[in-house]
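These are my notes from an afternoon of looking things up in one structure.

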Amino acid sequence: MVAMLWGSFLAILIGAGVIAFELDVETPALLGGAALFMLAAGFAVAIARPEPVGVEVAPETSPPTAWLGVSLALLAVSAVVGLWLTWIAAGMCGAGIGGIIRERRAERRLQEREGLR
Amino acid sequence: MSGATAVLRNGSASIVDALTGTDHKRIGLATTATAFAFFLIGGSLALLMRSELASPGMDIVSEGTYNELFTIHGSTMFFLFAAPAAVAIGVYMVPLQLGASGIAWPRLALLGYWLLAAGGVIMYAGFLTAHGAATFGWTAYYPLSDSNETPGMGADFWIVAVVLATTAVLLQAVCVLATIVRRRAPGMSLLRMPLFAWSEVVTCFMVVASFPVLIVTMILLFLDRQGVGIFTGSGGAVTYQHLFWFYGHPVVYVVFFPLVGVVGEVIATFSRRRFFGFKPTVLSLLVFSAISMSVWAHHMFTTQAVANNYFSTTSTLLLVPAGIEYFAFLATMVGGRIRLGAPMLFALGFVLLFLIGGLTGIFIGSPPLDYNVHDTYFVVAHFHYTVFGGTVFGLFAAIYYWFPKLTGRMLDERLGRLHAVLMFVGALVTFIPMFFLGVDGMSRRVADYLPTDGLTTLNVVATVGAFTIFVSVVVFLVNVVRSLRLGEPAGPDPWKGQTLEWFADSPPPAGNFASLPPVRSHAPLLDLREDGVDPAALRRRASIPDRATVGGAS
C-alpha cells in the first residue's frame, strides 16, 4: 500500500506537470514510468500470497553466492577485455549457480527432515 | 508476517566466513566497511586535488591525471561509498529494528556485496590501463564520454564498475524492502516502525525506481562506445543527461534519507524524549522522496532544453517537507534533557551543515541565479554541504551511535568529540571558501588557475580545511582501533535507546533476539520505561527459559 501511495505521489507530480507546464517528452516518460512501476509493484505486493509462517533454513555461509558475484563481475568485464574471458566467466557462473542449487536442496532436505515444511 | 530463521552452522569464523556469511549483520558490516574503505581512498584523491589547487601552476599532477582524480573521486564517493553505505546500514539495522531474525533473501544481499567489491576493484583498475582511468567526470556527459573524446579501456572499466556497483545497491535495497514487507515482528505495524526503518523505506523506493535507469543508461553508453550509435543523433546529449540525472539527483537523496532517520533517532535518544511529530515526519519523508524524484532536470537549466519553470517549482517545493523534518528535529530537542555525546554532536553537525546545503540549493534551484553560478565552485560548495554535511556527518552519527551495538564496546568519547569538532571546523573551512570562489568565477573541474586571478588565498584556505578533515578522520581511525581492543564494554543498551535493536545483545547473536518486548509504538523500549518497566530487567527475565515475555522472537 505504501508503494502504491508513493507511486500515486509521483503520478500527481507528473500529472500536474503535464497539465500546468509545457514539458518535453523525456520528463513524463521517465517520471510517469517510475510512477507506473511503483503502482504496479505495490499492487503485486498487495496481492501476493503471504509468506507461510514457519522456520526458514539458511546456511551460515554461502561461498557459491560469493563465487557467483565474482563470476558475474568477470562476465561484465569480459565485455571490455574479450570473448576469452566471457567463456571462462560463464563457466564460473554455471558453477556458482550449481553450488547455490545444491545449497537450496540441502536446505529443503533439512526442512523436511526436521518437519519445518 | 514473520518467519524464524534457523542457521546451518559450520562453527568457524574466518575472514572467508565473514565475507560469505548470509547473516544480515555480516553482510551489512562487510558492505559498510568496504564502502568506508572506498571513502578513505576517495578522500585521499580529494586531498591530492586540493594540494594541486593550493597554488597556481601544475605542481603535483598533470592535467590529465587531475581529470582522472576528480572523475574517480566523485564516482567513488557516490557509486562506491555513499549509496552502498546508505543501504548497507539498513541491511544491518532494519531487521534488528523490526524484531526480525534475519533479512529476506540473504543470498541476494550477499551477491550485492560481492558485486560492489568487484565494481570498486574494476573502477580503480582503470588507473592501470594505457589511457588511464576515466576522465569525463562522474556524470560521464555525452559526447565527452564517447569513444572519440575519451578512448581507452579505463573509461569502459568505469562503465562496467558503475553498472556493477549500482546493481549491488539495487539488490540490497530490494532485500531491505522485502524484509520490511515480510519480516516484521508481531505487533510491528508499519506506523510502529522506527524512523530509521521508514527512512530506509523511502530510500529503497527511490533506489528501485531510479537505479535501473542508470544501469540501462550505462549499458547504452557502453554500446555507443562500441560504435552502435545510441546517443549520436540530434538531442542525444540532452537525452543522456535526462537519463543520467533521473538517477543522479535521486541518488543525492538516497544517500541522505537514511541519515535523516539515524539523526532523528540520535536526537530523540540523546534528548531523552520521544521523537516529536513522528507521523507527520513519516508522511513528510514519503512526500519529500517523491518530490525529489521530480527535480532532476534542475541540473540541466542551462541546456535550455527542459521546462525550467516546472523543475524550479518542484525543486523549491522540496523546502516544505524538509522544513517539517527540521521542525521535528528542533521540537524534539526543545524541552529534552540533551546529552552532548559524540553521536549527538555529529547529528547536530548534520543538521547545521545540511541546512547550508539546503539554503544554497534555493539559489541554484532558481534558473536566473543558476545561470550565473552553473559549473562553478559555488555548485561544488553547495553539493558538498549536502553530501558531506548530510551523508558523512550522518554516517559518523550512525557509527558512533551503533558502534557499541556492533562490537560490544564503546568508542572513546573524548576522541569522538575531538573528531566531531575537527570535522565540523574542517567542513566549514574547506567548503565556505568555495562559495566565494564560485561567485568569483572559478570553474569546477579545472586543474589550474592564474596567479593574477585572485583565487589563491581562498584555495589555500580550502586546502587547509581539507587537511583538517583528514586529521579528524585519523583521530576516528585511532579511536576505532583503540576501542576495539580497549574500549569499555557497552552492554546491550548503553544509550537507553528507544528501538528494538537495543533489546538485543551487543553484538547481536545469530537470530538476533531470544525474545521481544511488546511493540506498541515506534519507540517500544521507551514505552516500557514510561510504564515503569526496565527493559534491561525484562531482557534478563526473558532470557531465562520458561519465563518468556510477551511477543516472542519472530
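This is a predicted model: local features need pLDDT of at least 70, side-chain atom pairs count only at pLDDT 80 or more; totals for chains, interfaces and linings use all residues.

Is H6(B) enclosed by the rest of the structure, or exposed? I looked up the burial of each residue, with 20 or more other C-beta atoms within 10 Å as the cut-off for buried. Of the 31 residues of H6(B), 24 are buried, so this helix is largely enclosed by the rest of the structure.

**Entry: the course of H6(B).** I found that the helix covers residues 195–225 of chain B. From its first C-alpha to its last it reaches 44 Å, close to the 45 Å expected at 1.5 Å a residue. I also found a bend of about 30 degrees at Ser210(B), with Pro212(B) following within four residues. After the helix comes Gly227(B), and I noted its positive phi, near 100 degrees.

**Entry: where chain B touches chain A.** I looked up the contacts and found 54 residues of chain B against 46 residues of chain A. On the chain B side, the elements that give two or more residues include strand S1 (4–8), helix H5 (153–182) and H6. The largest share, nine residues, comes from H4(B). By class I wrote down 35 nonpolar, 14 polar and five charged residues for this side of chain B.

**Entry: one residue of H4.** I picked Leu115(B), which is in helix H4 of chain B. Is Leu115(B) buried or exposed? I found 28 C-beta neighbours inside 10 Å, so Leu115(B) counts as buried. Leaving out residues up to four places away in sequence, Leu115(B) touches Gly69(A), Leu72(A) and Ala73(A) in chain A, and Leu164(B), Thr167(B) and Ala168(B) in chain B. I also checked Val163(B): it is 48 residues from Leu115(B) in sequence, but the two C-alpha atoms are 9.3 Å apart in space.

**Entry: the nonpolar core.** I looked up the largest nonpolar core and found 206 residues in it. Leu10(A), Leu164(B) and Ala397(B) have the most contacts inside this core. Helix H3 (residues 63–97) of chain B gives the largest share, 21 residues. Both domain 1 (2–48) and domain 2 (59–113) of chain A supply at least three residues each. I then followed Ala397(B): beyond four places in sequence, its contacts include Val262(B), Val266(B), Pro343(B) and Phe350(B).

**Entry: the domains of chain A.** How far apart do the C-alpha centres of domain 1 and domain 2 of chain A lie? I read off 36 Å.

Terms used. Residues are numbered from 1 along each chain as its sequence is written. Chains are lettered from A and ligands numbered from 1 in the order in which they are written. The expected span of a helix is 1.5 Å times one less than its number of residues. The bend at a residue is the angle between axes fitted to the seven residues ending there and the seven starting there. A residue is buried if 20 or more other C-beta atoms lie within 10 Å of its own, exposed if 12 or fewer, and partly exposed in between; C-beta atoms are placed from the backbone. Two residues are in contact if their C-beta atoms, placed from the backbone, lie within 7 Å. Ala, Val, Leu, Ile, Met, Phe, Trp, Tyr, Cys and Pro count as nonpolar, Asp, Glu, Lys and Arg as charged, and the others, Gly among them, as polar. Domain bounds come from an automatic or database domain assignment. A nonpolar core is a set of buried Ala, Val, Leu, Ile, Met, Phe, Trp, Tyr and Cys residues joined through C-beta atoms within 7 Å.
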